[in-house]
Amino acid sequence: MSLQSYPLISDWITVRDGCLLVHTGKVDIGQRISTALVQIAHEELTVSWERISIAPVRTGHAPDEGITSGSNSIEQSGHALRCAATTLRDRLIALAASQHGGDSSDWQLSDGVLQLKGTNHRIDLIDLIPSLAADTPIELDHLPAPRSTLPHPKMRGLRDMVKGTYAFIHDLDRPGMLHARVVRPPHAKAVLKDITADTVAKLEQANFSIVRDGSFLAIAGAQEWPVIKAATKLANACDWDLQGGLPEDDVFAKLSLENAQRFLVVDATPTDADIPEPDPSPDHAARFERPYQMHGSLAPSAALAHWTDNKLTLHSHSQGIYPLRESIADSFGLETEHVEITHVPGSGCYGHSGADDAAFEACLVARALPDTPILLKWTREDEHAWEPYAPAMAVDLAANVTDGKVTAYSADVFSDTHRGRPRPGPNRTGPARLLANHFRADPIGPIPASPNLGRHAGMHRNLEPIYNFPKSRLVKNLVRDLPLRTSAMRCLGAAVNILALESFMDEIARQQSVSPIAFRRSHLDDPRALAVLSELERQIETRPDLADGVGRGIAYAQYKNQMTRVGVCVELTVNDHAEVQLLEALIVADAGRIVDADGLTAQLEGGFLQGASWVLYEQVDWDRDGIQSRDWDSYPVIRFDNVPNIKVQLLDQPDMPSVGAGEASPGPTMAAIANALFEATGLRMRRMPFTAEAIMQKATTL
Amino acid sequence: MSLSLKVNGKTHQVTSEPDTPLIYVLRDELGLKGTKLGCGLEQCGACAVLVDGEVVMSCVSAVETFESKEITTIESIADTDIGRRVQDAFVETSAAQCGYCTAGLVVATTALLSSTPKPDKDSVTQALTPHICRCGSHPRVLRAVERAAEK
């Protein structure tokens, strides 16, 4: 999509002040995409790192590449940039030859300089770029530069991060800027009835500005801490109609056939085809479950908005500045061009966090207080209680096995929507998915979720097994009207689908008395998958024998069955408090041609730890009074006291396309942990998270 | 009304209300934005600073309790050899992803190596467990601590 919409070299690479300027619509969210992009430009054009920079990602300027998500940045932006760079390189060489003589093959390029062989004739490549017509199209048939060693580019921004000088959205400052906070309802159903007039008057006398639109309430003032205190006073002065409170449903009971809109999934794509009945007596059957979980960004979301005349200037850490721009413009009835959004980094988001909602809330305050820059920040409690969660999910699996092989496989996945990002669509989808619009006097949304019918999208990502099962029956079951707002979190459905399939494979392999690697291998014929498993096996063979009480588990997956292939091995033990202690981890991965070996490794390690955190610790709790997971005590996550030794082995494929890896390791990590836990304890845990309490409870059922 | 606060070797007369948590004075009044707010509850470590050489979360305690103490923020961590070494080690091991937890971790590691130049695994775990990293840069941070301690 990136190349089709932006087919010119100058859409991706221009020259400014004697340096290459790389243009992208993808944003840095801790995954090092900008480092990878600079590396790609460097590889193809040989220009030194110091002379390559990345243009600000701003609406109206940057290519519109939708949302930075789905591990797609390398395949979209990275691929487009590589094609632009290879075309540019070959065109410049041809230009040099036509202007200065010699054959194209007589010109050599190194360190950003073209030189005619056997002469002293040298041309700086960057100086030559302006001679190329601005509308020169990208061609797809130029070969990438060969390389022999793994690239290890330096991570952009790292030195600033360790010095504390890397600028996050929270650090922005403007003359005359006001700080703003939102006063939240107790929960999503509550309606603001009244605010004590006396409190409002006192706060306004103290120079605070109060902005109210229906049940949306915010306060702004010149200094941050006084605003925080004033927000508490204002909150205490609010009278809410609680509308009966949040439903206290058992969400796992709700994730069932009778509540679902159902689709037969064929070739990883939902269809209207008739859904065959499942085998009433399969050889193996099991249900796997995940509760609501949160992205839990370390930094609460924030945004800087400035409304002047009829123009809105916004700085946001949104993953999708173009769809957000349309959604905000539609919310206010503005022309899209009158909204400009510049991306500024927030902390890691792992999907659709509070970023877009905070951005819109800043705009609401800025509209009420025009000509004043508004820096609106969410609190920790805001982020925990109001971000759109990863939906609770369930996966029902069944299989028949003959002669040691799975002959028939069935998977029913149940979930609320993973698609809650603000983006244009029917029924004003964009505005309807901005939280504050639900609370305004003239509310927009929420609207019912529509099924995502894309390939490997939403809950059915990686529902299709990677293994050669002769028969499979795959069903997507969309369940709406569940208690909590949900959207996209890293991996979407893939994490749970892979946990389910890879736990199930382990169970069947054990019953067949076959090693888990051999069992998987017997259902695979993709040579690159087999190579990953062989390398994993080889690495395991070098490990010492397991100590008493230590369990080892493995899992394999290929993200969306078409991106990075990952094998994971985990060794763990369970301590006297029934807590899982992670000891060792091996990760073997094939992500095609490696662009940034260290960045790829970091993504695999980071995915491992996030997957481990999800499967061992994380669960959003709520009751009729609202969300109960409102801080890091009530929503524990993995910390430094449970970090295993992690060894990552990359299998480079220099002649294959580069594929994204940001979401490749969490799924197999969760399954490898489940499988190791079974080996250590004999307990087959199928409902996340595997907390000490859950493990003890499971043990009592044995 | 003002109170006297010694930050990074310089004494400042600050005018924020005395009940203001230290981090808002550092960031908003003194412009030292390297210290990050993660929770405001002393649960995540993003806001760590050194107070008389000890790691302190700056997001809750009122600024008035820091009068007559020596505060060091990430901005002047590199003033000591150990701090510089720690920063270099974080860079050499790429011990960050989004970078939001990084300043707090650099501060905590500097304090650890100042008091315990060759920390064992348990001391490292104990020093870093108050800090949350959501991106999963933990293995690299642990390597950075090791590397800084080796030098």
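Colleague: What share of chain B counts as buried?
Modeller: Of its 151 residues, 59% count as buried. Keep in mind that this is a predicted model.

Colleague: Which secondary structure elements does chain B have?
Modeller: Chain B has five helices and five strands. Along the sequence the order is β-β-α-β-β-β-α-α-α-α.

Colleague: And how compact is chain B?
Modeller: As compact as a globular protein of that length, because its radius of gyration is 15 Å and the globule rule gives 15 Å for 151 residues. Along the principal axes, the C-alpha atoms of chain B fill a box of roughly 45 × 30 × 25 Å.

Colleague: What about the contacts within chain B that join residues at least 24 apart?
Modeller: They make up 56% of the contacts between residues at least 6 apart in sequence.

Colleague: Charges on chain B: how many positive and negative side chains?
Modeller: There are 15 positive and 19 negative side chains in chain B. The centres of the two sets lie 9 Å apart.

Colleague: Switching to chain A. What are the charge counts there?
Modeller: Chain A has 66 positive side chains and 90 negative ones, with the centres of the two sets 1 Å apart.

Colleague: How does the radius of gyration of chain A sit against that of a compact globule?
Modeller: It agrees: a compact globule with 702 residues would be near 27 Å, and chain A has 27 Å. The C-alpha box, taken along the principal axes, is roughly 80 × 80 × 50 Å.

Colleague: How many helices and strands in chain A, then?
Modeller: Chain A has 19 helices and 27 strands. Of its 702 residues, 62% count as buried. For contacts in chain A between residues at least 6 apart in sequence, 77% join residues at least 24 apart.

Colleague: Which three residues of chain B supply more of its buried area than any other three?
Modeller: Gln97(B), Tyr100(B) and Arg134(B), which supply 19% of the area that chain B buries against chain A.

Colleague: What is phi at Arg32(A)?
Modeller: Positive, about 70 degrees, although Arg32(A) is not a glycine. Arg32(A) is in the loop between β2 (19–22) and α3 (33–45).

Colleague: Is that arginine buried or exposed?
Modeller: Arg32(A) counts as buried, because its relative accessibility is 4% and the cut-off is under 20%.

Colleague: And Thr46(A), buried or exposed?
Modeller: Thr46(A) has 19% relative accessibility, so it counts as buried. Phi of Thr46(A) is positive too, near 60 degrees. Thr46(A) is in the loop between α3 and β3 (52–54) of chain A.

How values were computed
Residues numbered from 1 in each chain as written. Chains lettered and ligands numbered in written order. Heavy atoms only, no water. Helix = DSSP H or I, 4+ residues; strand = E, 2+ residues; numbered from the N terminus. Rg over C-alpha atoms; globule rule 2.2 N^0.38 Å. Buried < 20%, exposed > 50% of the residue type's maximum accessible area, 1.4 Å probe, protein only. Contact = heavy atoms within 4.5 Å. Lys, Arg positive; Asp, Glu negative; His and termini not counted. Charge placed at Lys NZ, Arg CZ, Asp CG, Glu CD. Buried area = accessible area lost by both parts, 1.4 Å probe.
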